[in-house]
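Please consult the sequence and the structure together while reading.

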Amino acid sequence: MRKRILCFSVILIIAGSLTGCKSTDYNAAVNAIENKEYETAFDLLVNLGDYKDSKQLLIDNIKKYVFDLAEKDKYDNALEVLNAYSAVSDFNDIYTDINEQKELYDIYLEMENCFSENRIEDGFALLDILPSDYRNIQDIYDTYDQLKDSNFKGKYRNGSVGEVSQAIMFELYYSTYDHVFQLHVNKQIYWSDGTIYKEHDFYIDPDDFEDETTIKYGSYTWSISDNGRLTEIDKGKTYSYK
């Protein structure tokens, strides 16, 4: 009888000890959540199993953490968290939502990259894929809509076979008010055998314009006439549109 009492007492002590450990871990998890140390909290809550509301607390805060990451455009991190805790609950709907957000964001970044590199048509193709109310794309559209069409394209070639020569390709982009918005210049210098030994390719934006008919860029100064002629003032060269 005495042995039974002793065994029962040991069991009670062990059970009390385990309960105390779980209580400590639970409180630590709650504190970690309050401090936004989510991954620490998740590890504790997973080990707690069905203790109190540990499972529900875990599920709720996984969702909160994932949406917080998504709001900061950290979609890959959010998807990693959902994958890591996929055994805890069914997060399929949230995973689909976050993945769709990531796809739109990737398109948005590529669209910005296209416009920054003056690949206007590529930028607009991606812009058309995005929802009309997505982020700041209306502002982007209003800005770059002025660059959709180039009114003039020209080509100039000086010299002939057997001589050092240069070729200049240029495009002028106009705004909706017929004001010059941007000039794209590609200048190539050729050896006498026709091979290129020097090339300059650059875009000139409104900040480089002195006025609507005069453009300065580095050592270049151009004048733009109404009849479609681009004149390099410093060197007296005039390039006609074709």
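This is a predicted model: local features need pLDDT of at least 70, side-chain atom pairs count only at pLDDT 80 or more; totals for chains, interfaces and linings use all residues.

A residue is called buried under 20% relative accessible area, exposed over 50%, and partly exposed in between. Arg 135 has a relative accessibility of 40%, and therefore counts as partly exposed. Asp 73, with a relative accessible area of 25%, is partly exposed as well. The side chains of Arg 135 and Asp 73 form a salt bridge, with an N to O distance of 2.5 Å. Because Arg 135 lies in the loop between α6 (120-127) and α7 (137-144), and Asp 73 in the loop between α3 and α4 (75-84), this pair ties together parts that are 62 residues apart in sequence.

The search of the whole structure finds 4 salt bridges. Another of them joins the side chains of Lys 102 and Asp 76, at 3.8 Å from N to O. Lys 102 belongs to helix α5 (residues 92-116) and Asp 76 to helix α4, so the contact ties together parts that are 26 residues apart in sequence. Asp 76 is partly exposed, its relative accessible area being 46%.

Lys 64 pairs with Asp 68, and their closest N and O atoms are 3.2 Å apart. Both residues lie in helix α3 (residues 54-71), with a separation of 4 residues, about one turn of the helix. Lys 64 counts as partly exposed at 38% relative accessibility, and Asp 68 counts as partly exposed at 24%.

Definitions and conventions:
Residues are numbered from 1 along each chain as its sequence is written. Side-chain values use heavy atoms; hydrogens and water are left out. Helices (H or I, at least four residues) and strands (E, at least two) are DSSP runs, numbered from the N terminus. Buried means under 20% relative accessible area, exposed over 50%, partly exposed in between (1.4 Å probe, protein chains only).
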